[in-house]
Amino acid sequence: MASSPAGSRRATILRAAAGLFAARGFHGVSIDDLGRAVGTTGPALYRHFPGKEALLAAMLLDVSERLATGGETRVAAADGPEAALNSLLDGHIAFALDEPALITVHDRELGNVPTAERRRIRRLQRGYLEQWVRVLADLRPAAPAAVLRAAVHAAFGLLNSTPHILGHLPREDTARLLHTMGRAALLSAGPAGDAGTARQAPESRSAAARTSPNASR
């Protein structure tokens, strides 16, 4: 389905804002700067967003929703946990290579998002992380849930390094390197188990996620 003109315009504004916020910081960019970046005036942006904070919130909610929905789709379509892990890696790496500015903005500016939207972003991110934990639990059923979760957090740090490493290698080589390193980091969480144990792991890991004091991280 083709995007509506309003939806396309909104997406253009969000992309331009991500680049400006990444380069100059949220507080270093005015509404007039944002307007000029998309060929209009600052006040004209109020037709799409009530203010700069709302624009930042929409930006980070959008990417969090896209990652969560994309992860669900990839896992559902995969033929087993090995394929699911590879597909999750491919999807996240494509995002990290295509939109490094969003990674920078999230790392630096999440605290400037209004509280209600920030909580929603965090819930989406926790759900996305748990998708990875469940897949990894199938592959490393002997590992405690806390170890699996820590491994996924660490792997995200590696995959989200693109703002610092882009330009050193061709895109395909960078993607291949990130995939190899990310997979190795995740699978180092523990020894592989047998298939019967692995099939029982997701339920137990899900229960642990609900009760762990680290589950809200």
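**Helices under question**

Biologist: What makes the reach of helix 9 (residues 171-187) close to the expected one?

Modeller: In this predicted model, helix 9 has 17 residues and spans 24 Å from its first C-alpha to its last. The expected span is 1.5 Å times one less than the number of residues. For helix 9 that comes to 24 Å.

Biologist: Which residues of helix 9 are buried?

Modeller: They are Thr174, Leu178, His179, Gly182, Leu186 and Leu187. These buried residues pack against helix 4, helix 6, helix 7 and helix 8 (162-165).

Biologist: How do helix 4 and helix 6 pack?

Modeller: Helix 4 (residues 81-98) and helix 6 (residues 115-139) meet at an angle of about 145°, their axes 9 Å apart. Their crossing is left-handed. Helix 4 brings Pro81, Glu82, Ala84, Leu85, Leu88, Leu89 and His92 to the contact. Helix 6 brings Tyr128, Gln131, Trp132, Val135, Asp138 and Leu139.

Biologist: What classes of residue make up the contact of helix 4 with helix 6?

Modeller: There are 9 nonpolar, 2 polar and 2 charged residues. Glu and Asp count as charged, and the contact includes Glu82 and Asp138.

Biologist: What is the handedness where helix 6 passes helix 7?

Modeller: That crossing is right-handed. Helix 6 and helix 7 (residues 145-159) pack at about 120°, with axes 9 Å apart. Among the residues that meet are Tyr128, Trp132 and Leu136 in helix 6, and Leu148, Val152 and Phe156 in helix 7. By class, this contact has 11 nonpolar, 1 polar and 2 charged residues.

Biologist: Where is confidence lowest in the chain, and where is it highest?

Modeller: The lowest is in helix 10 (residues 195-211), at a mean of 38. The highest is in helix 4, at 98. pLDDT runs from 0 to 100. Across the chain its mean is 87, and 85% of residues reach 70 or more.

Biologist: Over which residues is the pLDDT below 50?

Modeller: Over residues 194-217. Beyond near neighbours in sequence, that stretch has 26 contacts in the model.

Notes. Residues are numbered from 1 along each chain as its sequence is written. This is a predicted model: local features need pLDDT of at least 70, side-chain atom pairs count only at pLDDT 80 or more; totals for chains, interfaces and linings use all residues. Side-chain values use heavy atoms; hydrogens and water are left out. Axes are lines fitted to C-alpha atoms, for helices over the stretch in contact, and angles run from 0 to 180 degrees between N-to-C directions. Helices (H or I, at least four residues) and strands (E, at least two) are DSSP runs, numbered from the N terminus. A crossing is left-handed if the near helix is turned anticlockwise from the far one by less than a right angle, and right-handed if clockwise. Contact means heavy atoms within 4.5 Å. pLDDT is the predictor's confidence in each residue, from 0 to 100. Buried means under 20% relative accessible area, exposed over 50%, partly exposed in between (1.4 Å probe, protein chains only).
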